[in-house]
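The sequence and structure come first.

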Amino acid sequence: MIRRLFLYLTDARLRAVLKTLDDCAEALDGLAKAPASAPGFFGPRLRGLALARAAGPAAPARSAALAAADDFTARLEKFFADLALHRTAPDTEMVQALACLQAACLRAPGLLSPRRRAAALAGIRALAASGSRVLRGARTAAEARPGNFPQNLKFSSIYSGLDAVFDAFERCASALYES
């Protein structure tokens, strides 16, 4: 707890990463209901990460965490932008995957605690694997449905986009673990 607090207070990069992950976790439900609000939500988070990047040199793992958080945030914004563009409400599989992502984001601060970091990383990886598994199954089902090709392709690409969000989040979690 003390190490996490010390790092949070003294390292602008880690503070920006953790704040972004926490903000995203809190906003996922609202963004799923109103995906068109994504640019207004993600813009300030991406600018905050850019400001943290300009804070000067840092340990490689912290810079990697910042870069991965930036990628995660941009991919998550694109996912919601695609939902808004296609006027698509999240289906059951997307809701399940977003719930896994939300739970994983909430575990991120544990990655900075020496005693809890291994368990936090294992939990995050399990949640990411669960969310990705749900998306793979849904994408496979969408691609296998006969007829309505444009709709199936649209869902397949949205599922792929959310799966890429999980990949970026896992890179961020691994970098936080190494911090």
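## Charges over rings

The charged end of R117 lies over the ring of Y177, at 5.0 Å from the ring centre. A second contact of this kind involves R45, whose charged end sits over the ring of F41, 4.1 Å from its centre.

## Model and confidence

The structure is a predicted model. Its mean pLDDT over the chain is 87, and 87% of the residues reach at least 70. Among the elements of the chain, the lowest mean pLDDT, 51, belongs to helix α1 (residues 2-10). Helix α5 (residues 92-107) has the highest, 95.

## Helix α3

Helix α3 covers residues 38-53, 16 residues in total. From first C-alpha to last the helix reaches 22 Å, close to the 22 Å expected at 1.5 Å a residue. The buried residues in α3 are A38, F41, F42, G43, L49 and A52.

G43, a residue of helix α3, has a relative accessible area of 15% and is therefore buried, the limit being under 20%. Its C-alpha lies 8.8 Å from that of E77, although G43 and E77 are 34 residues apart in sequence.

## Aromatic pairs

Four aromatic pairs are found in a search of the whole structure. In one of them, the ring centres of F42 and F80 are 6.3 Å apart and the planes meet at 25°, so the pair counts as stacked. This pair links distant parts of the chain, with F42 in helix α3 and F80 in helix α4 (residues 60-85), 38 residues apart. F42 is buried, at 0% relative accessibility, and F80 is also buried, at 0%.

How are the rings of F79 and F80 arranged, stacked or edge-to-face? Their centres are 5.0 Å apart and their planes stand at 65°; the pair is edge-to-face because the angle is over 60 degrees. F79 is buried too, with a relative accessible area of 2%. F41, F42, F79 and F80 together form one aromatic cluster. F41 also lies under the charged end of R45.

## Salt bridges

A search of the whole structure finds six salt bridges. One of them joins D23 to K19, with 2.9 Å between the closest N and O atoms. Both residues belong to helix α2 (residues 12-33), four residues apart, or about one turn of the helix. An α-helix has 3.6 residues a turn, so residues three or four places apart point the same way.

D71 takes part in two of the bridges described here. With R75 the N to O distance is 3.0 Å. Because R75 and D71 are four residues apart in helix α4, about one helical turn separates them. R75 is partly exposed, with a relative accessible area of 37%, and D71 is partly exposed at 23%.

The other partner of D71 is R171, with an N to O distance of 2.2 Å. This bridge links distant parts of the chain: R171 is in helix α7 (residues 149-178) and D71 in helix α4, 100 residues apart. R171 counts as partly exposed, at 41% relative accessibility. Elsewhere, salt bridges that share partners join K19, D23 and R45 into one network.

Notes:
Residues are numbered from 1 along each chain as its sequence is written. This is a predicted model: local features need pLDDT of at least 70, side-chain atom pairs count only at pLDDT 80 or more; totals for chains, interfaces and linings use all residues. Side-chain values use heavy atoms; hydrogens and water are left out. Helices (H or I, at least four residues) and strands (E, at least two) are DSSP runs, numbered from the N terminus. The expected span of a helix is 1.5 Å times one less than its number of residues. Buried means under 20% relative accessible area, exposed over 50%, partly exposed in between (1.4 Å probe, protein chains only). pLDDT is the predictor's confidence in each residue, from 0 to 100. Rings of Phe, Tyr and Trp (its six-membered ring) pair if their centres lie within 6.5 Å; planes under 30 degrees apart count as stacked, over 60 as edge-to-face and the rest as tilted. A charge sits over a ring if NZ of Lys or CZ of Arg is within 6 Å of the ring centre and within 35 degrees of the ring normal. A salt bridge is a side-chain nitrogen of Lys or Arg within 4 Å of a carboxyl oxygen of Asp or Glu.
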